[in-house]
Amino acid sequence: MLGHLAARRATGALLRGNGTLYLRDGEVVHAESPVSPGLEVLLTLGGRLPAEGWREAVERAGARRQVARFLVDNGRLTRGELEVYHLGALYDAAFFALAPGSGPARFRSGLSHWLGPVRPVPAGDLQREVLRRRRLLEDLWPHPEVDTAPVVRTRETGSPAPTRRQWAVLELADGVRTPAGIARRLGRPAFHVLIDVRRLAAAGHIRTPAPATAPPSRAPSAPVTRVPGSLPLPSPASAARTPEMSADPDIALLLRIRDALEARL
């Protein structure tokens, strides 16, 4: 459906069980997910913006859907800082919103987000990035059960030793908090915490829960009905042959910054 909406240059909100994508003229301008810390969490808990500064922006500019502009015009953030933080929040939320099993999608035309425009992302770029992230997690530790289960430390001394960022995750691993809960406490993108959790699980520092037992037999799958004119997500094999870098040089620069940050995790 995302490809179909992009081809139509639609404006509105694409809603799924794990999140919402906001589109303007077929491009994604914002994303939210209950699994992912929002932009305000990344900015405030990350120490870049006082909580009072965020509340002021929402109160004074939210009704006009110009919160982003207010933050920049009043010197709370530079334009570049806002774009980097917003890009991180958008891709983080979209990863969960577009995840398999997120439920059926529905589109509400004309809806816009109170944040206001920052920098739109082409739908194709977003789809490729979601697939890249899925492959990265699979390569790190092919056990997706650790992504949603409470994080439980093991008594074994794994190898390699945890990094400082990974220790921050382990210190919050109380057997109750999930990776999403830990991400909110740390003020970090949920996907970055998933990277740490998978690496810690692969090293033996975190317990990997047993996968759910498949039923003995399954009914044949119902045929998939595709919306006319829609563009399906590319398969991992075809995505590997597709350049991941955006044709927009500014977005390409932000993606390189993001990749450099992920490489240091």
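1. In which helix is the place of Val67? Val67 lies in helix α4, which covers residues 67-73.

2. Leaving aside residues up to four places away in sequence, Val67 touches Trp54, Ala57, Val58, Ala61, Gly62, Trp114 and Leu115. A further relation across the sequence is that of Val67 to Val118, which stand 51 residues apart along the chain, while their C-alpha atoms are 9.8 Å apart in space.

3. For the protein as a whole, the model has 11 helices and 4 strands. Of its 265 residues, 42% are buried. When contacts between residues at least 6 apart in sequence are considered, 73% of them join residues at least 24 apart.

4. Confidence should be kept in mind throughout the reading of this model. The mean pLDDT of the protein is 85, and 79% of its residues reach 70 or more. Over residues 214-249, however, pLDDT stays under 50, and for this stretch the model has 29 contacts beyond four places in sequence. Where pLDDT is low, the predicted coordinates should not be read in detail.

5. How do the axes of helix α6 and helix α9 cross, and within what distance do they come? Helix α6, residues 123-140, and helix α9, residues 190-202, have axes that come within 9 Å and cross at roughly 20°. Since angles under 35 degrees count as roughly parallel, α6 is roughly parallel to α9. The crossing in which α6 passes α9 is right-handed.

6. The residues that form this contact can be named on both sides: from α6 come Arg133, Leu136, Leu137, Glu138 and Leu140, and these meet Phe191, Leu194, Ile195, Arg198, Arg199 and Ala202 of α9. Sorted by class, the contact of α6 with α9 holds 7 nonpolar and 4 charged residues, with no polar ones.

7. Helix α9 also meets helix α8, which spans residues 179-186, and the axes of α8 and α9 come within 9 Å while crossing at roughly 120°. The crossing of α8 and α9 is right-handed.

8. In the contact between these two helices, Pro179, Ile182 and Ala183 of α8 meet Ala190, Val193, Leu194 and Val197 of α9. By class, this contact of α8 with α9 has 7 nonpolar residues, and neither polar nor charged residues are part of it. Leu194 of α9 is named in the contact with α6 and also in the contact with α8.

9. Arg9, found in the loop between α1 (2-7) and β1 (12-16), has a phi near 55°, which is a positive value in a residue other than glycine. With a relative accessible area of 56%, Arg9 is exposed.

10. Arg65 is placed in the loop between α3 (51-61) and α4, and although Arg65 is not a glycine, its phi is positive at about 55°. Is Arg65 buried, exposed or partly exposed? At 41% relative accessibility, Arg65 counts as partly exposed, because that class is the one between the 20% limit for buried and the 50% limit for exposed.

Note on methods. Residues are numbered from 1 along each chain as its sequence is written. This is a predicted model: local features need pLDDT of at least 70, side-chain atom pairs count only at pLDDT 80 or more; totals for chains, interfaces and linings use all residues. Side-chain values use heavy atoms; hydrogens and water are left out. Axes are lines fitted to C-alpha atoms, for helices over the stretch in contact, and angles run from 0 to 180 degrees between N-to-C directions. Angles under 35 degrees count as roughly parallel, over 145 as roughly antiparallel, 65 to 115 as roughly perpendicular and the rest as oblique. A crossing is left-handed if the near helix is turned anticlockwise from the far one by less than a right angle, and right-handed if clockwise. Contact means heavy atoms within 4.5 Å. Ala, Val, Leu, Ile, Met, Phe, Trp, Tyr, Cys and Pro count as nonpolar, Asp, Glu, Lys and Arg as charged, and the others, Gly among them, as polar. pLDDT is the predictor's confidence in each residue, from 0 to 100. Buried means under 20% relative accessible area, exposed over 50%, partly exposed in between (1.4 Å probe, protein chains only).
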